[in-house]
Amino acid sequence: MKRKEITIQATGGAGDGSLATGALIARAFVRLGYYILIHDTFPAEIRGFGKSISEVRISTRDVAAKSDASDVLIGLNNLFAIEQIPDLSERGIIIFDSKPGITVKDMESIPNHAGNLMRCYGVPLEYEAQKATGKKLGKNVVAVGFLSKLLDFPPAEMIEILKELFARKGEEVLNNNIALFMSGYEYEDIEYKKIELEPPPHAGEKYTITSGNDAMSTGAINAGLAFFAGYPITPASKIMENLALKLPKYGGVLLQTEDEIAAIGAVLGAFYTGKRAMTATSGPGLSLMTEIINLGVMTETPMVIINAMRGGPSTGLPTKVEQADLNLALYGGHGDSPRVVLAPATIGECYSIIQDALDVAEKYQTPVIVLSDKMLGMSYVAVPSDTLEEKRASTRLAYAGRPQDYMRYLVTPDGVSPWVIPGEEGISYTATGLGHDEMGAPNYDIEVNRELAEKRFRKFDAMLADLPPPEFFGDEDAPNLLLTWGSTFGSVLEAVERLTEQGYRLRLAKVKTIYPQHEDIMEEALSRAEKIIIPEQNQFGQFARFIKGHYGVSAEEVHLPSGEPVRPGDAEKMIKGRLDS
């Protein structure tokens, strides 16, 4: 029977090429026309050591979550591979190095640890690599060659991919990789059984592999980003790396600062002068930025902050996943300090949501925080190539009156004041963190400050028309409503589909605009639900408490496991427990 999907995991130590193996496999299947999702796991230490894992889910349907178990394990290091066997399905397949170049003890023998129904293919990966090129390097490409034979993958297609990857490194490197691949593909010393997949759903169509960090970088450039300032921090660093390469080609400027405080200060200064500007950070960096975010609120200066969430408080778990910065994004600041908070739920949405963030920040002159996470930022999927092509332009409300009449903080019905960039002849104003009047001059009159505070809040109602509303899935009249935000959406959606097949009646809402809320839509959905369930990847139930505070409704909180991306089976089990209670 042909499979609708298959998950392949490659694991090894530093230098074994585990992550490159996953990328190579994924590229091959996207070329054929399948959907993929790659999730890599690696140590937090800068100097690489320890175990690295690349997991590739290949499917005939679009997927936004890891699978419940792997079907194939490529072991580039026997000890690490043994540790991963519990992740394999009952009838999983293991490809391992049968001559790893060192004496293997019985306890390190893969077959001794495999389950009774598993198939183990011992291929002398390192030996074959040395035979093909004279070097021990490249055993991962030998393994990909053998896997391609199991999957009946056309070798000519893979050779084309190797040319795309290695031609620029010279003829010798390219030829060596082709030789490595073919040595694995032509290895015939063991009996094997082919793995059959259903035909690809979009053969011949043009798809692009992207991560959330890549999509946000490209989306920001295509939205007119002119300035980026940042300090490296996992899992957000790739955004700065991408922009360092690309932004100058579009006339933009990138500044690596000494810390996150300097970065957000530079972003504030750049947007103050009319340049679309943003930064990218993770939890500890966002903590440091809160004071200047407040300054942006008070001076009504736009800024965009991407916060790629990772695990734990303090420096926590830099290469792990959690959804625990929501409270900081919503409330991190003294006084009444409203800011827009957005959260993409899929990697593809990262492109459009950063463009929405820049548009709204500039049009409504406010800080915008975009909550991504390690799962979204550093995992990869295939999206239609035109998904990453939309462009945006300036949304600034310009001033058309007489210079002498200009008031920077003019109180208007929608709370948005015309914005003149400093330097325009005949117009001057003050921008200060102090309480101020419509001209910007410091002012401590209670009535004036009440009026200006109401103005700052009022524009959050006006901007809702420019922000994505919640999307709904499942039975419209179902008595059970689930609310999701962020990267857990993919696993919760699969859980809802499975539970629906079991007879449960469920409706799922994906909320991308966390604040301000689309209250009319949300109130209507909440009022019709008999039971509300909110699954999220933190222990505090941050979104559930936000919803309770906003609408006065109590939800069943589901605290999903933190650290690794949530698997659909875990979400299904925990949600079912709430439905049956």
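Student: Let's start with the contacts in the protein chain between residues at least 6 apart in sequence. What percentage of them join residues at least 24 apart?

Tutor: Keep in mind that this is a predicted model. Take the contacts in the protein chain whose residues lie at least 6 apart in sequence, and ask how many of those join residues at least 24 apart. That share comes to 76%.

Student: How many helices and strands does the protein chain have?

Tutor: Both kinds of element are there to count in the protein chain. The tally is 19 helices and 20 strands.

Student: And why can we call the chain as compact as a globular protein of its length?

Tutor: The globule rule gives 25 Å for 581 residues. The radius of gyration of the protein chain is close to that, so the chain is as compact as a globular protein of that length. Along its principal axes, the C-alpha trace spans about 85 × 60 × 45 Å. The radius of gyration itself is 26 Å.

Student: What share of the residues is buried?

Tutor: To count as buried, a residue needs under 20% relative accessible area. The chain still exposes about 24000 Å², with carbon and sulfur atoms supplying 52% of that area. Of the 581 residues, the buried share is 56%.

Student: Which strand pairs with β10 over 2 bridges, and which one over 4?

Tutor: With 2 bridges, the partner is β8 (residues 227-230), paired in the parallel sense; there, F227 has A277 of β10 as its bridge partner. With 4 bridges, the partner also runs parallel to β10, and T281 is bridged to N307 there.

Student: Which elements do the buried residues of helix α9 pack against?

Tutor: Helix α9 covers residues 237-246, and its buried residues are S237, I239, M240, N242 and L243. They pack against α8 (212-222), β8, β9 (253-256), β10 and β11.

Student: Then what does S217 touch, leaving out residues up to four places away in sequence?

Tutor: S217 sits in helix α8. At 0% relative accessibility, S217 counts as buried. Leaving out those sequence neighbors, S217 touches I239, N242 and L243.

Student: Is T60 buried or exposed?

Tutor: T60 lies in the loop between β3 (52-59) and β4 (70-75). Beyond four places in sequence, T60 touches K4, Y34, Y35, E198, P199 and P201. The cut-off for buried is under 20%, and T60 has 19% relative accessibility, so the word is buried.

Student: Last one: which residue just after helix α18 takes a positive phi?

Tutor: Helix α18 spans residues 542-551, with Q542, F543, A544, F546, I547 and Y551 buried. Their cover includes α12 (326-331), β16 (480-484) and α17 (519-528), among others. Just after α18, the phi is about 75°, and the residue is G552.

Notes:
Residues are numbered from 1 along each chain as its sequence is written. This is a predicted model: local features need pLDDT of at least 70, side-chain atom pairs count only at pLDDT 80 or more; totals for chains, interfaces and linings use all residues. Side-chain values use heavy atoms; hydrogens and water are left out. The radius of gyration is taken over C-alpha atoms; the globule rule is 2.2 Å times the number of residues to the power 0.38. Buried means under 20% relative accessible area, exposed over 50%, partly exposed in between (1.4 Å probe, protein chains only). Contact means heavy atoms within 4.5 Å. Accessible areas come from the Shrake-Rupley method with a 1.4 Å probe; for residues, only the protein chains shown count as cover. Two strands pair if DSSP finds at least two bridges between them.
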